[in-house]
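Take a look at the model below.

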Amino acid sequence: MLKHDKLAQEVSGLADKLFLLNTPQSALGQQAWKSLLKDEAFVERLKEARGASGLPFWMNELSERVAVINDLKHYSVLAVDGSQIYPDRHIAGVNCFLINCGGILLSYADSSMANFFSEPRLFLPEHIIPTTSELSFSVDLVDLKREELEFEIASQRAALARTTSEGLLTLFDGSLIFWHLESKPEEIRDMFLREYLKYLDRFYQQQLPIAGYISMPKSKELVNMIRLRACEHKKETFVFCQGKVAKCPCKQFELLVDTQLLQNFLPPFHRTTIFCSRSSITEHYPRFLKPCFFYLNVEKEIVRVEVPGGWLKTPK
């Protein structure tokens, strides 16, 4: 039996970390963001600090707010997402796992339509890890394989859909910056990164636009800017103490995320300028596939959208 009064106390105790938008830290962060935008000298130095990890660079003005006008009459959206059933160690002899990639093609025109699809596939561990490898199987590999299949199936479906669909855009649920591969063993990282980039390149070569769509993003690239500016112990290499020095002003922003800074900055149906990621994993991407991103206010929710830089006129 769930004790609701006890649960309410638990939620109340974590409220500052669970409900981020209306905290005192959020208001403080918004003030710091506005102040940073007025500091032209610091912004210029920040933009040129290409080697600074965790800090993006950007196109046009940092303070730019661009209205998104929906003037398309006929267009189509393809979206693919996957799920999985892991091997069940409680059932003797069952060492397989299932990955299902489902999706939808929405076509908006004088006569609109929606087509659903599902592609289940069954695997054994040796389908992921070669028998010659010394790596051991884990459920993490199932997740990585699922992501690979999402790109594979989406590329196949997009190539088919373009023959009958106008203005086709393919959306992925999540980031095109493969942060999760940074912590993997080198053999695993290289194996899956090679496959992911192969399919992203296929989209690019076939001129099929794609985007990663992230609702309620927890990204902190913009927060890192205000933390760097506030840090009393920052170095010329644009590295700040990350709150490790007691009572450093940068510590007051450590719980913030980018969307909190933009809450009162972005009007509905406006986007930020285009940012380019400096994440270390993107060093392995071809230049035209390096992800860029912007934040978009969709009514009252700020989402993050990522696209390969080859679709934009990005700096080298």
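## Cysteines

The sulfur of Cys101 lies 17 Å from the closest cysteine sulfur, that of Cys96, which is too far for a bond. The model is predicted: local features need pLDDT of at least 70, side-chain atom pairs count only at pLDDT 80 or more, and totals for chains, interfaces and linings use all residues. Residues are numbered from 1 along each chain as its sequence is written, and side-chain values use heavy atoms, leaving out hydrogens and water.

A disulfide is a covalent bond between the sulfur atoms of two cysteines. Here the test is a pair of cysteine sulfur atoms within 2.5 Å. How many disulfides does a search of the whole structure find? It finds zero.

The table gives relative accessible areas. Buried means under 20%, exposed means over 50%, and partly exposed is in between (1.4 Å probe, protein chains only).

| Residue | Relative accessible area | Class |
|---|---|---|
| Cys101 | 0% | buried |
| Cys241 | 11% | buried |
| Thr272 | 2% | buried |
| Glu187 | 43% | partly exposed |

## Rings

Rings of Phe, Tyr and Trp (its six-membered ring) pair if their centres lie within 6.5 Å; planes under 30 degrees apart count as stacked, over 60 as edge-to-face and the rest as tilted. The whole structure holds 15 aromatic pairs. Take Phe97 and Phe123: their ring centres are 5.5 Å apart and their planes meet at 15°, so this pair is stacked. Phe97 belongs to strand β4 (residues 97-108) and Phe123 to strand β5 (residues 113-123), so the pair ties together parts 26 residues apart in sequence. Helices (H or I, at least four residues) and strands (E, at least two) are DSSP runs, numbered from the N terminus. Both Phe97 and Phe123 are buried.

The cut-off is NZ of Lys or CZ of Arg within 6 Å of the ring centre and within 35 degrees of the ring normal. Arg65 has its charged end over the ring of Phe265, 4.5 Å from the centre. Arg157 lies over the face of Phe117, 4.1 Å from the ring centre.

## Cores

Nonpolar side chains tend to be buried together in soluble globular proteins. A nonpolar core is a set of buried Ala, Val, Leu, Ile, Met, Phe, Trp, Tyr and Cys residues joined through side-chain atoms within 4.5 Å. The largest one has 39 residues, and Phe151, Phe178, Leu181 and Phe192 have the most contacts inside it. Two or more of its residues come from each of β3 (75-85), β4, β5, α5, β6 and α6. A second, separate core has 31 residues, including Leu55, Leu222, Cys231 and Leu256.

## Helix α6

Helix α6 covers residues 186-205. Its expected span is 1.5 Å times one less than its number of residues. With 20 residues, α6 should span 28 Å; its end C-alpha atoms are 27 Å apart, which agrees. Its buried residues include Ile188, Phe192 and Phe203. Among the elements covering them are α5 (139-161), β6 (168-173) and β7 (210-214).

Glu187 also lies in α6. Setting aside residues up to four places away in sequence, Glu187 touches Ser133 and Leu135 (contact means heavy atoms within 4.5 Å). Gln207 follows the helix, with a positive phi near 55°.
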